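Biologist: I'm new to this one and would like to learn how to read it. Could you walk me through a few features?

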Amino acid sequence: MANCLVAQSGGPTAVINASLAGVIRANQLNPLYDHVFGGLHGIEGTLEGNLCDLTYLSGRDIEVLKQTPSSALGTCRYKFSEEADFQRLINVMDANNIDTMFYIGGNGSMSTVSTMATWAAEHGVSKRFIGIPKTVDNDLGIMDHCPGFASAAKVACEITHATRMDYDAYTRPEVFVLETMGRDAGWLAASTFMTGDVDLLVLPEVDFRRSIFLEQVRAKMEQQGSCYVVISEGARWYDGTYLSANGKAADGLGHAMLGGTAGRLKSMIVEAGIAPRCVVQDLSRVARSSNFAMSLVDFEEAYDLGVCAHMRSFDPTFTGKVVGILRGATEDGGYNAEFFACDAAQVANYVKRFPTEWILPNYQGITQEAMDYFRPLIQGEPKLICENGIPVTLKPFNRR
């Protein structure tokens with residue numbers, strides 16, 4: 001038998017390593033490959049031949065890996081496009097007798113899967129490339145939701161509720177603004193509305209209008225003496241520019257550097273004289289790395305997708321594909337996940353926006369249909385292995 005390779009790319013999530021663990025454990029139970037290699041720092045490290053052998057991880061290490069946050073193999077943001085990159089990758093795979101690569105990542109990573117599979121087919125190279133999705137932004141097309149999102153939404157809701165209670169303890173006039181991740185889609189910010197604590201919600205899907213927003217903030221302050229705002233980092237002006245973009249590239253993919261939308265709102269509110277104080281809370285990496293607050297649904301689905309990808313790779317024609325999740329139902333009408341596969345090209349570089357029909361006007365929140373979509377995804381908490389009061393984590397392979 002040949003070997004397989006697994007690598008991770010893009011921003012980590014709380015459950016990205018559960019998908020990695022799924023591939024490793026599936027091969028231990030059903031050895032389709034002699035060895036499971038991990039590519040350190042995604043495609044960037046893989047191109048340099050930086051691999052580690054994951055084949056014989058112990059059962060306990062796999063369980064700990066599942067609950068370890070961040071990317072245990074290391075990650076990157078690398079635009080894979082040059083002809084030399086294709087050949088370098090094939091050379092690394094040949095040198096290690098690897099015929100299948102599993103790539104865990106978001107939009108860009110799924111584009112890489114599609115591009116590599118197409119190049120291999122065009123050049124008569126018998127290598128296979130399979131995508132396993134992850135993103136806290138929940139913006140991958142075709143699938144109902146993406147691993148990593150539900151856990152980020154769960155912790156975002158928990159922090160929203162806790163900080164709202166803290167905010168409400170004071171009598172002084174101030175506005176509270178919580179900023180979430182979400183470059184081009186407002187799924188994560190929108191999920192916080194489930195708590196019942198959010199007064200105003202600003203999403204990338206609706207052009208930001210300063211006068212209308214400040215009017216709503218002022219009205220809330222006059223009506224109730226408080227205003228709790230949630231805003232996505234990707235909120236935009238009517239001309240499409242980000243509220244917080246500084247015009248510089250943040251990574252190798254040319255994405256604008258975001259973060260700071262809450263600060264922009266703070267300045268607007270204080271300068272308008274609506275409140276003398278404005279408190280800002282930035283979730284940022286907290287939402288994507290909080291393994292102590294994972295959704296059980298998310299945790300299990302991420303692992304199952306790793307297993308699913310491995311299982312489907314038994315078919316020698318299975319390449320250029322992405323495994324994903326559709327929403328099904330149990331006999332009593334409850335939530336149930338269904339796993340499927342589609343061409344990576346259908347997912348690559350496509351942004352699934354939060355439905356505008358689920359957004360209430362004038363920043364008033366989201367519809368009941370939207371809340372019904374979110375609620376089953378954040379249910380349950382995995383039983384974590386802990387030592388000294390905190391969850392145990394596996395030392396990252398890229399740091400060994």
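Modeller: We'll go through sheets, helices, one annotated site and some backbone angles. This is a predicted model, where local features need pLDDT of at least 70 and side-chain atom pairs count only at pLDDT 80 or more, while totals for chains, interfaces and linings use all residues. Residues are numbered from 1 along each chain as its sequence is written, and side-chain values use heavy atoms, with hydrogens and water left out.

Biologist: Let's start with sheets. What is the strand order in the open sheet of seven strands?

Modeller: Strands of a sheet pair through backbone hydrogen bonds, either parallel or antiparallel. Two strands pair here if DSSP finds at least two bridges between them. Helices (H or I, at least four residues) and strands (E, at least two) are DSSP runs, numbered from the N terminus. The seven-stranded open sheet reads β3-β2-β1-β4-β5-β10-β11, and its pairing is mixed. β3 (51-53) and β11 (335-343) each have a single partner strand, so one side of each has no neighbour in the sheet. From one strand to the next, the twist averages 30°.

Biologist: How many bridges join β10 to β11?

Modeller: Nine, and the two strands run antiparallel, with β10 covering residues 321-329. As one example, V323 has A341 in β11 as its bridge partner. Helix α11 (residues 296-312) lies across β4, β5, β10 and β11, running at about 35° to β11. For such angles, axes are lines fitted to C-alpha atoms, for helices over the stretch in contact, and angles run from 0 to 180 degrees between N-to-C directions.

Biologist: How do I read the packing of α4 and α5?

Modeller: Two packed helices are described by the angle between their axes and the distance between the axes. Helix α4 (residues 83-95) and α5 pack at about 80°, with axes 11 Å apart. That makes them roughly perpendicular (65 to 115 degrees). In contact terms (heavy atoms within 4.5 Å), E83, F86, Q87, L89 and I90 of α4 meet T115, M116 and W119 of α5.

Biologist: Where does UniProt place the "binding site" feature?

Modeller: The unreviewed UniProt entry puts it at N107; such annotations may be inferred rather than shown by experiment. N107 lies in helix α5 (residues 107-122).

Biologist: Is N107 buried or exposed?

Modeller: Buried (under 20% relative accessible area): N107 has a value of 15%. Leaving aside neighbours within four places in sequence, its contacts include D139, L140 and Y350.

Key
Buried < 20%, exposed > 50% of the residue type's maximum accessible area, 1.4 Å probe, protein only. Parallel < 35°, antiparallel > 145°, perpendicular 65-115°, else oblique.
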